[in-house]
Amino acid sequence: MSSGDDGLHVIIEFGGGAELLFDKQKRHVVNLPADREWTLKLLLFWIRDNLLKERPELFLQGDTVRPGILVLVNDADWELLGQGEYRLQKGDTILFISTLHGG
Amino acid sequence: MEKELVKEIAELRKLLHEKENKLAALRREKEILQSYGLSNNEVCKYSRQILIPEINIKGQVKIKNSSVLIVGAGGLGCPSALYLAGAGVGCIGIVDYDDVEVNNLHRQLLFTEDNIGTPKVDAAAEFITRLNRNVKIIPYKLQLSSSNALQVIENYDIVLDCTDNVATRYLLNDACVLSGKPLVSGSALKFEGQLTVYNYKGPCYRCIFPTPPAPYTVTNCGDGGVVGAAVGTIGLLQALEALKIILEMPGVLTRRLLLFDGTETTFRNIKLRPKNLNCAICGNNRTIHKLIDYEQFCGAKANDKNPDLKILRDDERVTVEDYHKMYNSQLTPHILIDVRSPEEFEICQIKNSINVPFTEIEKDGCLALIEAEVNKRQQEDDIVEVFVLCRRGNDSQNAVKRLQKYFDNPNVKIRDIEGGIHAWSRKFDPLFPIY
Ligand SMILES: [Zn+2]
């Protein structure tokens, strides 16, 4: 992995219980390698390979997130941004929120 | 003696209730009604909100003439009902099929210890009536289903989703879309909560979540736990959104989702997608025209109770009675692994059990720990007996399945204990708390 100013700095956040799959850590500041154009779809696989600690089936289903997880870029639904095709920008905050059903 | 007292108190309470109603009716007759439809008593009671320009007399009349249906009298429904009643909503319907249980009381503050075992909707109605006699409460002690939902909802202006399970959430959404009612949806778990308004100038639940989550990805409050003040915060906000809809105010939480994190005390407002033109129930070419079977659609029951799983073969399980015999006789040396969370293990535990939480069981450290125990036993016995225990006998079966992969050895016999520590508590250790 590259370091310093070469890579793409983004913030990855988890909530609604999704953080339990990532060592209970809700916020991760990461530097993605500068060797490619990063899309949200590529980021999903990168997260699976680099941040995910357990049970990938609770995060991904096929090449997207499992039903019940919302993906937000800078607090906006990824559906508004082209979903997996969205090209990540420097400083983006990507939030994965597991929806709650209890009451 | 205890039973007689309980009975006597219930009778006295009923008598008190009747007398209170009589007194309220007497007072109502003497009330002076203003031409705009509020009595002097109501003007005085609601004056502190009538003074707000967004509400004023016209708004208070709207609130009085409105009706709200609250589905679920739990940690969300209790505070919403309380604040809607306080604000003077004319008619509040409350749907819940459950009776009050002692584990409800820390967050469902309409109920008192005296209400345990009585229907939630009746206890709620009694409390709210005492709070505000101008509010008409209609209790529905029933499980909302595809056959009754539309009939119940039709009488109300707004519906609050205060339920605790996925199947009922889809049912309520579809029923609200079919009957054109706004749905104020809240949910909570642990220290977190989520809130949004569906089917009101924006998307419905299905627009955002066309596919239900797999049942194994859903955590309920009975397993995950919930903080009363966190779920209560969301319940209060549901009441607020309902009032704003009644008052036809702008700024309703539609096409937005509010995320509340009580651990950091943050509120985050995220922007959701608009109505999906291809939505199965609210889109242009809808494929759902009437209510469907939601338990089948979600692959899960329409409640938050845990069903009894049957994953293992009979010879891979031991009844709690048989385990109790082995435990007492001490003739069968064995390893007992308790796969509950450390928090649950702390509540109560069987002597000499080892705590390896279910979520950690396949981690290297935990496997090594179990392996060390197995090796130790192997030096003394040809066959090593391992028993796995959980809360109710569901996780323990999955844990056995996982462990069998790692200990693929005919001399290591791994079984689970049916019914878990609950069965043990009920049958053999009445001093254990059942949680
Ligand atoms: Zn829709």
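**Entry 1: B:Cys221**

I began with B:Cys221, which counts as buried because its relative accessibility is 10%; buried means under 20% relative accessible area, exposed over 50% and partly exposed in between, with a 1.4 Å probe and protein chains only. I am working with a predicted model, where local features need pLDDT of at least 70, side-chain atom pairs count only at pLDDT 80 or more, and totals for chains, interfaces and linings use all residues. Residues are numbered from 1 along each chain as its sequence is written, chains are lettered from A and ligands numbered from 1 in the order in which they are written, and side-chain values use heavy atoms, with hydrogens and water left out.

I found B:Cys221 in helix α10 (residues 221-224) of chain B. Helices (H or I, at least four residues) and strands (E, at least two) are DSSP runs, numbered from the N terminus. Not counting residues up to four places away in sequence, B:Cys221 touches A:Gly102 and A:Gly103 of chain A, and B:Arg107, B:Ala188, B:Leu189 and B:Val226 of chain B. Contact here means heavy atoms within 4.5 Å.

I also checked the record: in an unreviewed entry, UniProt lists B:Cys221 and B:Cys390 under "active site". UniProt positions are given in the numbering used here, feature names are shortened, and annotations may be inferred rather than shown by experiment.

**Entry 2: B:Cys390**

Where does B:Cys390 sit? I traced B:Cys390 to the loop between β12 (384-389) and α16 (395-406) of chain B. B:Cys390 is buried, at a relative accessible area of 3%. Its contacts, leaving aside neighbours within four places in sequence, are B:Val339, B:Arg340, B:Asp395, B:Ser396, B:Gly420 and B:Ile421.

**Entry 3: A:Gly103**

Next I followed the contact from B:Cys221 over to A:Gly103. The unreviewed UniProt entry annotates A:Gly103 as "modified residue: 1-thioglycine". I located A:Gly103 in the segment after β7 (93-98) of chain A. Is A:Gly103 buried or exposed? A:Gly103 counts as buried, because its relative accessibility is 6%. Among the residues in contact with A:Gly103 are B:Gly74, B:Gly75, B:Leu76, B:Cys162, B:Ala188 and B:Cys221.

Two packed helices are described by the angle between their axes and the distance between the axes. Axes are lines fitted to C-alpha atoms, for helices over the stretch in contact, and angles run from 0 to 180 degrees between N-to-C directions.

I looked up α5 (residues 77-87) and α6 (residues 120-131) of chain B, which pack at about 30° with their axes 10 Å apart. They are therefore roughly parallel; angles under 35 degrees count as roughly parallel, over 145 as roughly antiparallel, 65 to 115 as roughly perpendicular and the rest as oblique. On the α5(B) side I noted B:Ala81, B:Leu82, B:Ala85 and B:Gly86, and on the α6(B) side B:Phe127, B:Ile128 and B:Leu131.

Then I turned to α11 (residues 228-246) of chain B, whose axis comes within 7 Å of that of α5(B) and crosses at roughly 40°. That makes α5(B) oblique to α11(B). The meeting residues include B:Pro79 and B:Tyr83 in α5(B), and B:Gly232 and B:Leu236 in α11(B).

**Entry 4: chain B as a whole**

Of its 435 residues, 49% are buried.
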